[in-house]
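This briefing goes from the overall fold to a single position and its surroundings. Please keep the sequence and the structure in view while reading.

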Amino acid sequence: MTTIKATLIKKFADHTARIGIIGLGYVGLPLAVVFAEAGFNVIGIDPIREKVDAINRGESYILDVDSNRVKALMDAGKLKASTDYANLGDSDAVSICVPTPLRKTGDPDLSFIASAAKSLAPYVHRGMVIVLESSTYPGTTREMVLPELESEDGLKVCEDFFLAFSPERVDPGREDWTTINTPKVIGGISPDCGEVAAAWYGQALEKVVPVSTCEVAEMAKLLENTFRMINIGLVNELAIMCDRLKVDVWEVIEAAATKPFGFMKFTPGPGLGGHCIPIDPLYLSWKLRSLNYNARFIELASEINTYMPRYTLGKIQDALNIHKKSVNGSRVLILGVAYKPDIDDLRESPALDVIHLLQEKGADVVYHDPYISQIDHENLQMCSVKDLMQEVVQADCVAIITNHSQYDYPAILDAAQMVVDTRNALGDLGKNHPKVVRL
Ligand SMILES: NC(=O)c1ccc[n+]([C@@H]2O[C@H](COP(=O)([O-])OP(=O)(O)OC[C@H]3O[C@@H](n4cnc5c(N)ncnc54)[C@H](O)[C@@H]3O)[C@@H](O)[C@H]2O)c1
């Protein structure tokens, strides 16, 4: 007798399975495109009408996904988008890629996962597999998503439908490791759930790494991001220590990085940014607090990283001081506000904190970013300046916060009155330069 598991695996093998992707952002849209390019019919669900309309016109709003790819898939009838969950009714496999931010209190905000699971529940049917991709604390898939999906129609996981967790590892802006060739960890509620999910992803991605449970997969993602966050905290503190010791931190890091084993290079900066590194470890520490355990490494690294925008403010003060100027009344040009180079993502960017701190001290702050034409964030509304070089000349201080590769740094240094370089964007040019204050 053919089981629902065997039927589903066969549908993946012959690419007749219909795929649904919930949440068409930085993670969901590339994933939808990859499945559609592998030959599956894909429907994407997102509540934002503008995103859905853009996809249905064959336009991408994610830098890593070329519009030509979306257009080709639309024309071939392989990809479409909708705001209506009812379109998932005939899907065989659904991936949930919704945001997992922090609340103002610093606690995990799982409302997007809860809402997606609740909206999907009426359409869960026999022979469906669901994979949660959003980064979250261990236990979320089993303790939170599963009860939502099992409650409808009396369907039972592992008997009627399958549920697994597979963390997304995409690094926006990166071209060598993409959604297709980055190994994909997958763990199910049960071994069968994991096997079905792996059979699905294995049809479109180069390498699937099965693990025994969804909790292992959830924790693996948090280990990866906590590892980065703690190591960035370490080099940020190293930068502060080197400053006191009057030692060049950038040279120290380059020297250490020549060790061919046992060392991995991380670089300091004005603070952590993005939707993952500053947030995911706090999901873990929050969960551990509920189990009466204090995740000390995470708390300490978070404290140091959170301090970096204020440390950057100090560097800007030092730079202005050289010209006998105060922050109050000075014009400061922030160069780059995206949270990392060559992308258009402003989420959790330390630039926002640096701008706020400067404004609090009375600075006249402007910014330039080739990827972000305007900032509309809580009580901060600004537009990127139009004439970059004119602003460089006019500013009392230029603060390089994000080292986008398209900037002509030698020309900027030449034209600026003072430069604060938080990323070593100037390299050797900035070393011992009278106009430059480095992190
Ligand atoms: N961006 C990254 O680099 C990255 C990398 C790895 C993992 N992640 C994780 O992946 C998850 C998604 O991140 P992202 O960067 O794609 O976020 P995003 O904000 O870019 O995209 C999420 C999308 O989900 C949509 N959405 C919100 N609620 C929804 C709902 N109830 N139903 C359907 N759609 C809904 C939003 O409109 C948005 O388009 C997060 O948990 C994040 O931590 C992100």
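Predicted model: local features only at pLDDT ≥ 70, side-chain atom pairs only at ≥ 80, totals over all residues.

**Surroundings of Val 247**
- Val 247 lies in the loop that runs between helix 8 (214-245) and helix 9 (249-256).
- Leaving aside residues up to four places away in sequence, Val 247 touches Cys 242 and Val 252.
- Between Val 247 and Leu 205 there are 45 Å in space, taken from C-alpha to C-alpha, while the two are 42 residues apart in sequence.

**Overall fold and dimensions**
- The protein contains 14 helices and 15 strands.
- The C-alpha trace spans about 85 × 50 × 40 Å along the principal axes of the protein.
- Among contacts in the protein with a separation of 6 or more, 69% are accounted for by residues 24 or more positions apart.

**Burial, surface and charge**
- Of the 439 residues of the protein, 53% count as buried.
- The protein exposes about 19,500 Å², of which carbon and sulfur atoms supply 53%.
- There are 43 positive and 58 negative side chains in the protein, and the centres of these two sets lie 3 Å apart.

Methods. Residues numbered from 1 in each chain as written. Heavy atoms only, no water. Helix = DSSP H or I, 4+ residues; strand = E, 2+ residues; numbered from the N terminus. Buried < 20%, exposed > 50% of the residue type's maximum accessible area, 1.4 Å probe, protein only. Contact = heavy atoms within 4.5 Å. Areas by Shrake-Rupley, 256 points an atom, 1.4 Å probe, with all protein chains shown as cover. Lys, Arg positive; Asp, Glu negative; His and termini not counted. Charge placed at Lys NZ, Arg CZ, Asp CG, Glu CD.
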